[in-house]
Amino acid sequence: MYKAFLIKYGEIGIKGKNRYLFEYALMDQIKFSLRKVDGQFEVTKEQGRVYVEALTEYDYDEVIKALSRVFGIVAICPVVLCDNNEWSNLCQVTGDYMERTYPDQHLSFKVFARRADKSYPKKSMEIGADMGEYLLDRFPDMTVDVHNPDVALNIEVRERTYIYSISIPGPGGMPVGTNGKATLLLSGGIDSPVAGYMIAKRGVKIDAVYFHAPPYTSERAKQKVIDLAKIVAAYAGPINLHVINFTDIQLAIYDKCPHDELTIIMRRYMMKIAEHIALEEGSLGLITGESIGQVASQTMQSLRATNAVCTLPVYRPVIGFDKNDIVEISEKIGAFDTSIQPFEDCCTIFVAKHPVTKPNVRAIERSEHHLVDVIDELLKTAIETRETILCE
């Protein structure tokens, strides 16, 4: 029945003279999201509206699923198109739509009419009143309720008329790519995929860095992170995942530095490597899944010690979330079941038994001085030998 979808957006509507840039970015993301759906679609923009029109047969559920992952969309409205705007035909099409959509006709409705085509002989108020009268005559069990109707029937008269009453929530946010690019430190846990999702929702394009430590971490652990990157990419668009072999750096830290400082020092070198790649790739910041107090490396003192090695801003969108809050979002985006697979990453393999929770930055720097003879070469090798995987 539905030949098109009206796409409603939120914040884009207040962007003034730059609004068209955000609209076109939204359209690009819609096209990307629909690539894997069987069928052909045309995405168009018309007078503050974005439409997706089906040119062939398609799977309705798959289209809704794809559009529900596009940031910037606040609502998806399946639309019936009426190509012949002659009044009797419009009434017939609208009545047929109501009959098919609401077979139990014991309901109240209100007609919201909009005449975008000013050459149409009936004005908006007339369309609403006359269509309401037609529907009451055709469906005696229906009633009109102008204050709190069961069904809000929308009729938009343009070159063609668009008829709809269903509104499916979208994810909101801003279209990906409208607010620059940032680099996500992606582990195999629950938090970092959620952090990437949340930053992408604000229009930021995502790259990712994963630290792999073979043979201490398996290929299954690496595949788990690739799978998580693909889950985030369903919302954020294609993600370049940079896989860093971190084993030699971890072993050097383990051999030369105090064991209670292992986690902080490893974390600082991860941030250094991620920042180097971020700057190479044109990112404007780093993203982590850290939440205050969740583990020893995420106390306020630990975060300060980690930040000290960065010049780029570090975005931590889940910083004030409880674990249950993060899990809820992880489940919503379909990442949770993958995140809890029992394949350990490099952080858990080399964790200290009694990690320092209130590190002093100067003390950490003195400990890192033991690495001065080897660390530059190890960092250089890790960056130059990285593997980059396109996840989409």
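In the predicted model, glycine 289 is in contact (heavy atoms within 4.5 Å) with Asp191, Ser192, Ala195 and Val318, leaving aside its neighbours within four places in sequence. Glycine 289 is found in the loop between strand 13 (286-287) and helix 9 (300-307), helices (H or I, at least four residues) and strands (E, at least two) being DSSP runs numbered from the N terminus. At 9% relative accessibility, glycine 289 counts as buried, a term that denotes under 20% relative accessible area, with a 1.4 Å probe and protein chains only.

An unreviewed UniProt entry lists Gly289 under "binding site", together with Leu185, Leu186, Tyr210, Phe211, Arg267 and Gln298; such annotations may be inferred rather than shown by experiment. Leucine 185 lies in strand 10 (residues 181-185) and counts as buried at 6% relative accessibility. With neighbours within four places in sequence left aside, the contacts of leucine 185 include Ser192, Phe211, Arg267 and Thr288.

Residues are numbered from 1 along each chain as its sequence is written, and side-chain values use heavy atoms, with hydrogens and water left out. Local features need pLDDT of at least 70 and side-chain atom pairs count only at pLDDT 80 or more, whereas totals for chains, interfaces and linings use all residues.

Definitions and conventions: Buried means under 20% relative accessible area, exposed over 50%, partly exposed in between (1.4 Å probe, protein chains only).
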